[in-house]
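Take a look at the fold below. This short report visits a pocket, a sheet, a helix and a few single residues.

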Amino acid sequence: MVSVIKGLPYTYSHTIGLLTQVGRGFSNPVDLAVGPGGMLYVVNRSNSAHAVTGAVRVSVLTVDAEFISQFGTFGEGDGQFVWPTSIARDSGGNLYVADEHRHDVQVFDSQGNFLRRWGSLGAGAGELNRPSGVAVEADDNVLVVDHMNNRIQRFSPDGKSLGAWGTAGSGPGQFNLPWGIDVDNAGNVYVADWRNDRVQKFSAAGDHLATIGSSGSGYGQLNRPANVTVDDQGKIYVADWGNDRVCVFTPEGYPLTTMIGDADISKWGVEYLEANTELTEGRKVMADGTPEKRFWGPTAVEVDEEGRVLVVDSCRHRIQIYQREE
């Protein structure tokens with residue numbers, strides 16, 4: 001039974017995932033970027049215990065679970081990560097990765113080669129304080145969620161400051177520790193306002209247009225939303241981190257559907273269990289496997305060109321994939 005609570009516009013497809021500290025698999029993935037032909041770029045944040053082993057990295061794979069490569073290591077040098085938070089891709093295939101410990105954004109080519117970095121700790125123009133979400137506009141300018149400064153900053157692709165908006169607070173256009181961000185086809189900007197339990201919609205100029213969601217666990221309510229994305233139909237998807245679910249809203253901001261997770265064992269997981277039969281026997285004594293299917297701390301959601309909804313299920317080290325019904 002598919003766990004879409006209201007409405008039936010999505011069908012569970014498959015899961016990609018396996019906990020590993022290097023290579024094929026994930027370690028606390030927090031965000032992903034989608035490329036053409038089903039390419040996925042997944043940011044692994046890991047945790048402090050495993051960071052130095054190489055678990056902090058970007059995994060490159062396909063939506064069909066073909067592992068391609070990885071790039072990045074733990075550290076503060078060029079091309080390294082400490083606490084990576086988000087990734088976005090521009091029209092030329094370059095990848096932008098925000099790091100809240102380094103207070104910067106690093107740029108890589110599509111092969112994972114380091115190109116440049118920009119940003120430093122501070123509250124001035126072009127400075128950042130624990131940047132979180134990152135999104136690329138149609139003209140390849142880059143929007144960065146300046147988390148602790150409670151604002152959105154716009155940069156050119158080479159890191160030139162182009163302006164900012166937002167202040168601390170709970171009113172329209174204000175933020176309380178914002179996190180994720182996305183841009184729709186019309187250039188409107190959506191921000192997951194984490195501690196205000198809402199998503200705010202802005203014009204490209206930063207004018208407040210709408211507020212979506214309110215605090216709570218009811219239908220259409222949010223609890224510490226971590227990320228937001230908008231598909232080509234204008235539907236709004238929110239990674240409702242505190243409620244362990246994904247909430248989908250209409251373009252007008254009305255609640256449409258809630259997903260709570262349907263994962264089966266991934267292809268990588270099946271292969272691992274086949275090579276470790278003692279684990280297979282142990283799984284047979286599980287009284288109820290249902291909790292394992294559900295989201296646990298979803299941190300990001302994306303929709304690809306085929307209408308597939310990809311949910312980063314961070315605490316279970318996997319991505320759950322749904323197919324949108326047209």
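What is the volume of the largest pocket? This is a predicted model, and in it the largest pocket has a volume of about 960 Å³. A lining of 38 residues surrounds this pocket; those closest to its centre are Val-34, Arg-89, Asp-182, Glu-302 and Val-303. Several strands contribute. β2 (29–34), β8 (84–89), β12 (131–136), β18 (181–183), β22 (227–230) and β26 (298–303) each give two or more residues to the lining. By type, the lining holds 15 nonpolar, 10 polar and 13 charged residues.

**The sheet**

β22 also belongs to an open sheet of 4 strands. The order is β22-β23-β24-β25, and the pairing is antiparallel. β22 and β25 (255–259) are the edge strands; each has a single partner, so one side of each lacks a neighbour in the sheet. On average, neighbouring strands here are turned by 20° against each other, direction ignored. In general, strands of a sheet pair through backbone hydrogen bonds. β22 and β23 (residues 236–240) pair over 4 bridges. Val-228 stands opposite Val-238 in β23.

**Helix α1**

Which residues of helix α1 are buried? In this helix (residues 267–275), they are Trp-268, Gly-269 and Leu-273. Seen down the axis of α1, the buried residues fall within an arc of 130°, so they line one face of the helix. On the other side of α1, Glu-274 and Ala-275 are exposed.

**Two loop residues**

Asn-28 and Asp-197 deserve a look. Asn-28 sits in the loop between β1 (10–17) and β2. Asp-197 sits in the loop between β19 (189–193) and β20 (198–202).

| Residue | Phi | Relative accessible area |
|---|---|---|
| Asn-28 | near 45° | 17% |
| Asp-197 | near 55° | 7% |

Phi of Asn-28 is positive, in a residue other than glycine. Phi of Asp-197 is also a positive value in a non-glycine residue. Why does Asn-28 count as buried? Its relative accessible area is 17%, and buried means under 20%. Asp-197, at 7%, counts as buried too.

**Glu-292**

Glu-292 lies in helix α3 (residues 290–293). Its relative accessible area is 29%, so Glu-292 is partly exposed. How many residues separate Glu-292 from Val-43 in sequence? They are 249 residues apart in sequence and 22 Å apart in space, C-alpha to C-alpha.

Conventions. Residues are numbered from 1 along each chain as its sequence is written. This is a predicted model: local features need pLDDT of at least 70, side-chain atom pairs count only at pLDDT 80 or more; totals for chains, interfaces and linings use all residues. Side-chain values use heavy atoms; hydrogens and water are left out. Buried means under 20% relative accessible area, exposed over 50%, partly exposed in between (1.4 Å probe, protein chains only). On a 1 Å grid over the protein atoms alone, a cavity is a set of points where a 1.4 Å probe fits but cannot get out, and a pocket is an open set with protein on both sides within 12 Å along at least five of seven lines; lining residues have an atom within 4 Å of a point. Grid points are joined across faces, edges and corners, and a volume is the space filled by probe spheres set on the points. Ala, Val, Leu, Ile, Met, Phe, Trp, Tyr, Cys and Pro count as nonpolar, Asp, Glu, Lys and Arg as charged, and the others, Gly among them, as polar. The arc is that of the directions from the helix axis to the C-beta atoms. Two strands pair if DSSP finds at least two bridges between them. Axes are lines fitted to C-alpha atoms, for helices over the stretch in contact, and angles run from 0 to 180 degrees between N-to-C directions.
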